[in-house]
Amino acid sequence: FLPGFLLIAGLLPWWHVVSRAAPAHHAIAGMNAAVVGLLVAALYTPVFTSSVFTPRDMGIVFAAWSLLGLWRTPPIVVLGGCLAATVVPAWLAG
């Protein structure tokens, strides 16, 4: 991480000037898009494909996404709800 930290430390005093230049602005937008793409790929391949198997699992994912994204519910509450939605039915089934 040291090269990235050094780059940030060296660029920070001039960040406002650099980020307002058109070529740098477009490059920053491209880097942001690339990072979002990598994060989505990292979420899908190991996490989604190894944990969502049934429509019930997909319902839990959709409910959690809705609570986080639409209603801005605190993540710890969403985590507790996902845990309850997963463990309680298994516990009741015996």
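User: How much space lies in the second largest pocket?
Analyst: In this predicted model, the second largest pocket is lined by residues that include Leu11, Trp15, Val18 and Ala24, and its lining also takes in Ile28, Met31 and Val35. The space that lies in this second largest pocket comes to about 150 Å³.

User: Which helix gives the largest share of the lining of the second largest pocket?
Analyst: Helix H2 (15-20) and H3 each supply at least two residues of that lining, which by class has eight nonpolar, one polar and no charged residues. The largest share, six residues, comes from H3.

User: What is the volume of the largest pocket?
Analyst: The largest pocket is lined by 13 residues, and those that lie nearest its centre are Val47, Phe48, Ser51, Val52 and Val61. By class, the lining of this pocket has nine nonpolar, two polar and two charged residues. Its volume is about 400 Å³.

User: Which helix gives the most to the lining of the largest pocket?
Analyst: Three helices each supply at least two residues of this lining, namely helix H3 (22-51), helix H4 (55-69) and helix H5 (75-93). With six residues, the one that gives the most is H4.

User: Are H4 and H5 roughly parallel or roughly antiparallel to each other?
Analyst: Two packed helices are described by the angle between their axes and by the distance between those axes. Here the axes of H4 and H5 come within 10 Å and cross at roughly 165°. Because angles over 145 degrees count as roughly antiparallel, the relation of H4 to H5 is therefore roughly antiparallel.

User: Which residues in H5 does H4 meet, and how do the residues of the contact divide by class?
Analyst: H4 passes H5 in a right-handed crossing. From the side of H4, the residues that take part are Arg56, Ile60, Ala64, Leu67 and Leu68, and in H5 they meet Pro75, Val78, Cys82, Ala85, Thr86 and Pro89. The residues of this contact of H4 with H5 divide into nine nonpolar, one polar and one charged.

Key:
Residues numbered from 1 in each chain as written. Predicted model: local features only at pLDDT ≥ 70, side-chain atom pairs only at ≥ 80, totals over all residues. Heavy atoms only, no water. 1 Å grid on protein atoms, 1.4 Å probe; cavity = no way out; pocket = protein on both sides within 12 Å on 5 of 7 lines; lining within 4 Å. Points joined across faces, edges and corners; volume = space filled by probe spheres on them. Helix = DSSP H or I, 4+ residues; strand = E, 2+ residues; numbered from the N terminus. Nonpolar A, V, L, I, M, F, W, Y, C, P; charged D, E, K, R; others polar. Axes fitted to C-alpha atoms, helices over the stretch in contact; angles between N-to-C directions. Parallel < 35°, antiparallel > 145°, perpendicular 65-115°, else oblique. Left-handed = near helix turned anticlockwise from the far one by under 90°. Contact = heavy atoms within 4.5 Å.
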